[in-house]
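We will go from stop to stop, and at each one you select a few residues and look around.

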Amino acid sequence: MLFNSKLSTQIDFLNKRLPEAQLFYADIYTPLLSITQNLLNMDWKWWIKDAVEQDILRLALCVIKSPLAITTTSFLYPKAISHLMGETLLEESVQEDLAMENSPRSDLIAEIYGVKKILPAYQDPTLQLEDLLTGVNFASAGSGYDPETAKMLTALALPDQLNLFKEYKSKITAAVGNETTATILSKSFFVLSVGSIDLTFNLFATPLRSSQYDIQAYTDLLIKLASDFIQEIYAVGARVIGILGVLPSGCFPFERTLHGGIGRACSDTENQAAILFNSKLRTLIDSLNVRLPEAKVMSFTLTYIPRTLLSLIQNPAQYGFEVVDKGCCGTGSLEFGPLCNRLSPVIFFSHNVAAVTAVPTNETTRAVFAFGDSIFDTGNSDYIISLAKSNFPPYGRDFVGGKPTGRFCNGKLPSDFVAEKYGVKKILPAYLDPNLQLQDLLTGVCFASAGSGYDPLTPKLLSVLSLPDQLGMFRKYKSKISAAVGNERTATILSKSISFVSMGSNDFAINYFSTPLRSPHYDIPAYTDLMIQSASTFLQELHALGARVIGILSVPPIGCLPALRTLNGGIEKACYETANQAAILFNSKLSHLINSLNERLPEAHFLYIENYSPLLSLLQNPAQYGFKVVDKGCCGTGNLEFGPLCNKASPGTCTDVSKYLFWDSFHPTEKAYRILSSISLKDIKI
């Protein structure tokens, strides 16, 4: 307070001494103190008004002394107080499908300054001249400083928004003339909000940029692009420009789901990246204010809003909130945009203790079926000519009777735990087992084949059963059951059963990242599209055959499998992040596919089962789960051995498997599978 008093006096003194000077004192202390003292009783719209208008944005008010409307440009919502440019924080659609429950930030800013209650999207075809004169919004959800970010989500890039602004200027000029247009722009307030999507969706969710830039270099790229854009809107006529810093995006529910482990903690790596970018942005703004004549570029929200949001996240009860780790829509874990719709199912996520699956009945499960790869294959590989074999020691050494059964593990698999969970049977048998009896068939079997994948090329690499092959076996199974118990009872069994699908890991680990067969022809986004198309076809065919409740496992963090650490992790055997990012991208598309299928297929109940975060949690917190070794398997050296390479002659096989997360270089131990299955199945209610 003492310093502030002296500062105010000094500003008054300088205004008298310096010709044409307009120095002004912005009191942040008093309003902020008021906010902290009256948090629980505060009206949030006026909290924003007090915190933004009266204090931090007082700078803009001192500059914008004009009967003309304040114009704000935000590149986050398509509407603005005067002109808004950016991404989703400011965008509003022409159809008024707002990204927030009530008014987005762009509308609140427009209302605060008495311009209008709602800031319209520039591309709204119903706009009148008065709407244009008092400001519009050019922002586009999904945009970023990085042009590749906008391409990912087919949004308007900043150059596109700039072109809209130039078009706007031409319209205004034609209506009111050059002089009035210049005055409007010079007395307008432009707001730019962008950058969060660059970090969350581009750098941390895909390998497109992370394979080319580390965080330091990528933030440098963003700053260069920000500098170019700000100078371009300045050249078109913008003079007072407010720039929002990047929020603590690592605490967004989406990022918690993908990167926060089983506890869904905030991603500190992403938050630190945001802090680094904001620091560089502040430096850029200082530089631009020196270099650009008449420019008033403001960084008023660089620390205030990010820290305020972080405070709400860290102290929810203090502000009247109860839930901060997930959204209101759907499960709140991944849904946004098209995934957040009136049909959004309540699907289950292993890390969300409040989530409950959308299984339609409480009746007893009649049967369990498993499709996919080695995570579920309980022995089908024993009965085909294939390179994917595990019917020899030391596989199965901790299984019932200590015998190898074709399971790629020392003991049971998730498919066994699923069958046990629902009281169907303790072990899920392989469909190709010649010893199966009718009762075995009636309560469910496994059609999975180790080494298989969504990509039709993947099963060919190891001569295993493809998805069409597994569907063919399911058709034969259905015919056998119908012949034994009749069509009506067969239909009942299928409708009251639950099917599980585990697929995708081999497509990446054995195919895309280990051979030159696909990678020269597909980049990672294109390859994941190929996988999704195959998955869509398979799931629809499975539904057509009578399956109604189908749980699909997402791809785990395959870059942390011992084999991929050995081949791609360098001398320290670090996780291969490119593969992990590919898995994240695929999982995001898989979630979208599942939502789409639930809308399109009658009586369908497709469930997305999060398989990435639980395993990542075990990898990052081994002691918490009773593990000591997570970077290699128990069998042999644990670096590359699996299948035929993991045999009783393999030197170095561990004696105490309970300490190991992985059994061989690709597959977890029974202990790990039991923990993962328990977490994933915890909230499934059938």
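Select residues 189–193, strand β4. Five of its five residues are buried, so β4 is largely enclosed by the rest of the structure. Bear in mind as you look that this is a predicted model.

Now show the side chains of β4. In a regular strand, side chains alternate between the two faces of the sheet. Phe189, Val191 and Ser193 are on one side, and Phe190 and Leu192 are on the other. Both faces are covered.

How many bridges join β4 and β5? There are five, and the pairing is parallel. Find Val191 and look across: Gly242 of β5 stands opposite.

**Next stop: helix α12**

Select residues 215–236. Helix α12 has 22 residues. From first C-alpha to last, α12 reaches 32 Å, close to the 32 Å expected at 1.5 Å a residue. Now colour its buried residues. Among them are Tyr218, Leu222, Ala226, Phe229, Ile233 and Tyr234. An α-helix has 3.6 residues a turn, so residues three or four places apart point the same way.

Zoom in on Ser227, which is in α12. Is Ser227 buried or exposed? Its relative accessible area is 10%, and buried means under 20%, so Ser227 counts as buried. Leaving aside residues up to four places away in sequence, Ser227 touches Leu284 and Leu288.

Step past the end of α12. Gly237 follows, and its phi is positive, near 140°. Then select Tyr234 and Arg239 together. The charged end of Arg239 sits over the ring of Tyr234, 4.0 Å from the ring centre.

For another such pair, select Phe627 and Lys671. Lys671 lies over the face of Phe627, at 4.5 Å from the ring centre.

**Next stop: an open sheet**

Select strands β7, β8, β9 and β10. These four strands form an open sheet in that order, with parallel pairing. Which strands stand at the edges? They are β7 (368–372) and β10 (605–609). Each has a single partner strand, so one side of each is left without a neighbour in the sheet. The twist averages 20° from one strand to the next.

Strands of a sheet pair through backbone hydrogen bonds, either parallel or antiparallel. Click on Phe500. Its bridge partner in β9 is Gly551.

**Next stop: helix α19**

Select residues 467–485. Helix α19 has 19 residues and reaches 27 Å from its first C-alpha to its last. That is close to the 27 Å expected at 1.5 Å a residue. Its buried residues include Leu467, Leu471, Phe474, Tyr477 and Ile481.

**Next stop: aromatic rings**

How many aromatic pairs does the structure hold? The count is 31. Select Tyr454 and Phe586. Their ring centres are 5.7 Å apart and their planes are at 40°, so the pair is tilted. Tyr454 lies in the loop between α17 and α18 (457–462), while Phe586 lies in helix α24 (577–600). The pair therefore ties together parts that are 132 residues apart in sequence. Both Tyr454 and Phe586 are buried.

Move on to Tyr522 and Tyr527. This aromatic pair is edge-to-face, with 6.2 Å centre to centre and 65° between the planes. Tyr522 is partly exposed, at 24% relative accessible area. Tyr527 is buried, at 1%.

Together they form one aromatic cluster.

**Last stop: Asn568**

Select Asn568, in helix α23 (562–568). At 32% relative accessibility, Asn568 counts as partly exposed.

Note on methods. Residues are numbered from 1 along each chain as its sequence is written. This is a predicted model: local features need pLDDT of at least 70, side-chain atom pairs count only at pLDDT 80 or more; totals for chains, interfaces and linings use all residues. Side-chain values use heavy atoms; hydrogens and water are left out. Two strands pair if DSSP finds at least two bridges between them. Helices (H or I, at least four residues) and strands (E, at least two) are DSSP runs, numbered from the N terminus. Axes are lines fitted to C-alpha atoms, for helices over the stretch in contact, and angles run from 0 to 180 degrees between N-to-C directions. The expected span of a helix is 1.5 Å times one less than its number of residues. Buried means under 20% relative accessible area, exposed over 50%, partly exposed in between (1.4 Å probe, protein chains only). Rings of Phe, Tyr and Trp (its six-membered ring) pair if their centres lie within 6.5 Å; planes under 30 degrees apart count as stacked, over 60 as edge-to-face and the rest as tilted. A charge sits over a ring if NZ of Lys or CZ of Arg is within 6 Å of the ring centre and within 35 degrees of the ring normal. Contact means heavy atoms within 4.5 Å.
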